[in-house]
Amino acid sequence: MKNGRKNTIRIGTFAADKKGVMHGKIYGLGLGVTPVLFEPQTSKDGKSYFRLIADPAKEAYEIGAAFPRDKDGMAYHSVSIDSPVLPAPISAALFPDKESNTFNLVWNRQDGERDLRAEATVNVNVQPQHQTQTQTRRPNGQQQPTP
């Protein structure tokens, strides 16, 4: 899916039951397919939100929360997903599907313009004594000797 200037990827599909609990699966994170419930909650100050419960039939552990939002007249939920296996929390959005009674969990890369090439250090001319010359490979591919 394309959303303006960013790539938007569907990472889950959900359907609500009569009690308002959304049942579905999260996929596409490189962690396999995980069954997830969006369980309705009410905060101490009376605001509604969802708790995200992963693997509800087996282990049942919380992986995040979803809060209602409205932008330009479009209602959706802002979703935060976190887990020890993820390098950082994931921000996503839950939108009603325009063609069915389901909801789509979508994610887009926040820093799409960032150059993902990382610097790498390579040891060259390794000598048995303490004199080792290293070179740092810059993102543009040029090598810069370091003392």
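Modeller: Let us begin with the pairing of strands, where two strands pair if DSSP finds at least two bridges between them. Strand 3 and strand 4 pair in the antiparallel sense, over five bridges. Within this pairing, I26 stands opposite T34 in strand 4. The model is predicted: local features need pLDDT of at least 70, side-chain atom pairs count only at pLDDT 80 or more, and totals for chains, interfaces and linings use all residues. Residues are numbered from 1 along each chain as its sequence is written, and side-chain values use heavy atoms, with hydrogens and water left out.

Biologist: How many helices and strands does the chain have?

Modeller: Helices (H or I, at least four residues) and strands (E, at least two) are DSSP runs, numbered from the N terminus. The chain has zero helices and 12 strands.

Biologist: Which residues form the covered face of strand 3, and which the uncovered one?

Modeller: Strand 3 spans residues 22-26; M22, G24 and I26 make up its covered face, whereas H23 and K25 make up the uncovered one. For single residues, buried means under 20% relative accessible area, exposed over 50%, and partly exposed in between (1.4 Å probe, protein chains only). Of the 147 residues in the chain, 25% are buried.

Biologist: How is a nonpolar core read, and which residues of the largest one touch the most other members?

Modeller: In soluble globular proteins, nonpolar side chains tend to be buried together. A nonpolar core is a set of buried Ala, Val, Leu, Ile, Met, Phe, Trp, Tyr and Cys residues joined through side-chain atoms within 4.5 Å. The largest one here has 18 residues, of which F14, V36, F38, L52, V79, I81 and L105 touch the most other members. Two or more residues of this core come from each of strand 2, strand 3, strand 4, strand 5, strand 6, strand 7 (74-81) and strand 8 (90-96). Contact means heavy atoms within 4.5 Å. Leaving aside neighbours within four places in sequence, V79 is in contact with residues including F38, L52, I90, L94 and L105.

Biologist: How are aromatic pairs described, and how many are there?

Modeller: A pair of aromatic rings is described by the distance of the centres and the angle of the planes. Rings of Phe, Tyr and Trp (its six-membered ring) pair if their centres lie within 6.5 Å; planes under 30 degrees apart count as stacked, over 60 as edge-to-face and the rest as tilted. By this rule the count is four aromatic pairs. The ring centres of F14 and F38 are 4.7 Å apart and the planes stand at 70°, so this pair is edge-to-face. F14 lies in strand 2 (residues 6-16) and F38 in strand 4, so the pair ties together parts that are 24 residues apart in sequence. Both F14 and F38 are buried, and F14, F38 and F50 form one aromatic cluster.

Biologist: Which residues are linked in a network of salt bridges?

Modeller: A salt bridge is a side-chain nitrogen of Lys or Arg within 4 Å of a carboxyl oxygen of Asp or Glu. The structure holds two salt bridges, and E39, R51 and E62 are linked in a network. Between R51 and E39, the closest N and O atoms are 3.5 Å apart. R51 lies in strand 5 (residues 48-54) and E39 in strand 4 (residues 34-42), so this pair ties together parts that are 12 residues apart in sequence. The salt bridge of R51 with E62 has an N to O distance of 3.3 Å. E62 lies in strand 6 (residues 61-71) and R51 in strand 5, so the pair ties together parts that are 11 residues apart in sequence.
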